[in-house]
There are 2 protein chains.
Amino acid sequence: MMDRTDRKILIALQQERQNTKEIAAKVGLSVTPTYERIKKLEQQGIIKGYVALLDREKIGKRVVAYCQVTLLKHQKGLINTFEQEIQTFPEIMECHHVSGGFDFLLKIAVSDIKEFHQFINEKLSVLEGISNIHSSFVMNSVKESTAYKL
Amino acid sequence: MMDRTDRKILIALQQERQNTKEIAAKVGLSVTPTYERIKKLEQQGIIKGYVALLDREKIGKRVVAYCQVTLLKHQKGLINTFEQEIQTFPEIMECHHVSGGFDFLLKIAVSDIKEFHQFINEKLSVLEGISNIHSSFVMNSVKESTAYKL
DNA sequence: GGTGATTACAGAATTATATTCTTAAATGGA
DNA sequence: TCCATTTAAGAATATAATTCTGTAATCACC
């Protein structure tokens, strides 16, 4: 299983991908065992992969919104269809099926309000079975991390 | 500025960090110009960094919730204090100041419902100026990406 | 407490990749 | 067209990843 050292490695790698030597120094081991631990975490699928994070503003995505979507009825077929359609829209970064007052929470990133409007009108609201869409625009992302507490 | 090739590079790196040779093959360039383009994108801050993504279940975070937080009043002081406190809680992965029916949208990841309950009661709700907290639990993450459309 | 098996560690050796350097080709105004 | 600037490619070098080998620590079992 996973010990204290593995957790230290994961904490470091969640912050920033670093070379083995740097990680080794942080966890107090030599390069080889550190390397082997990282490989093992990757093989076990605990580390799913490594990705580049981009600066949202610099690539011109000026609008981020969270959309609360309510479906007409909670039929399995309707939900499955919705979930499949969602995958094909690159504007949708995240889609979570949630409990509570609505069914799905979507994270949307687009260039401007015009594109957002188009997306809602021409892509999202035309999907079958949608009852309601309520959008909240992100004015400021106070904290934005991919790291889990370990 | 950024051309078609740079975009291809960013698309690839947002999916998975790859070595220069692989990226070079994908964009149809040799290693050197590809390398220099990646470095330039990093220096410009378009690429903010590279992080490891972990398997949530495998590290034992069984509960993810989105919390809608409403403050008592929209005073700058109150908002600033709230935003600072938020930073110190590792259970909070994201915190967005949003428009609409509530003020902040928080993404919370914890081990179990007990820990969630403790977090809400002992950490979040005790913060000064909080009027209301409404939580939606994630039952299934249909799509979960860090990649922006390019 | 001893003992064999297993696991974890470290340093050297090797391989692969990143980075730099040099030169040539392409591009874009004046 | 010509000069300046940018972009590309291949070779050379530096750095990091990966493998290999031997040693120490750990642990179940006696």
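In this predicted model, the side chains of B:Lys149 and A:Glu91 come together in a salt bridge, with a separation of 3.4 Å from N to O. The contact runs between chains, from B:Lys149 in the segment after β5 (130–144) of chain B to A:Glu91 in the loop between α4 (76–87) and β3 (92–98) of chain A. Counted over all chains, there are 16 salt bridges.

**The pair between chains and its network**
- B:Lys149 counts as partly exposed because its relative accessibility is 29%, whereas A:Glu91, at 4% relative accessibility, counts as buried.
- A network of salt bridges links A:Glu91 and B:Lys149 with A:Glu115 and A:Lys123.

**A pair within a helix of chain B**
- B:Lys39 and B:Glu42 form a salt bridge in which the closest N and O atoms are 3.1 Å apart.
- The two residues, B:Lys39 and B:Glu42, are three residues apart in helix α3 (residues 31–43) of chain B, so about one helical turn separates them.
- B:Lys39 is partly exposed at 31% relative accessibility, and B:Glu42 is also partly exposed, with a relative accessible area of 21%.

**A pair between strands of chain B**
- B:Glu144 forms a salt bridge with B:Lys107, and their closest N and O atoms lie 3.7 Å apart.
- Because B:Glu144 lies in strand β5 of chain B and B:Lys107 in strand β4 (residues 104–110) of chain B, this pair ties together parts that are 37 residues apart in sequence.
- B:Glu144 is partly exposed, with a relative accessible area of 42%, whereas B:Lys107 counts as buried at 6% relative accessibility.

Terms used:
Residues numbered from 1 in each chain as written. Chains lettered and ligands numbered in written order. Predicted model: local features only at pLDDT ≥ 70, side-chain atom pairs only at ≥ 80, totals over all residues. Heavy atoms only, no water. Salt bridge = Lys/Arg side-chain N within 4 Å of Asp/Glu carboxyl O. Helix = DSSP H or I, 4+ residues; strand = E, 2+ residues; numbered from the N terminus. Buried < 20%, exposed > 50% of the residue type's maximum accessible area, 1.4 Å probe, protein only.
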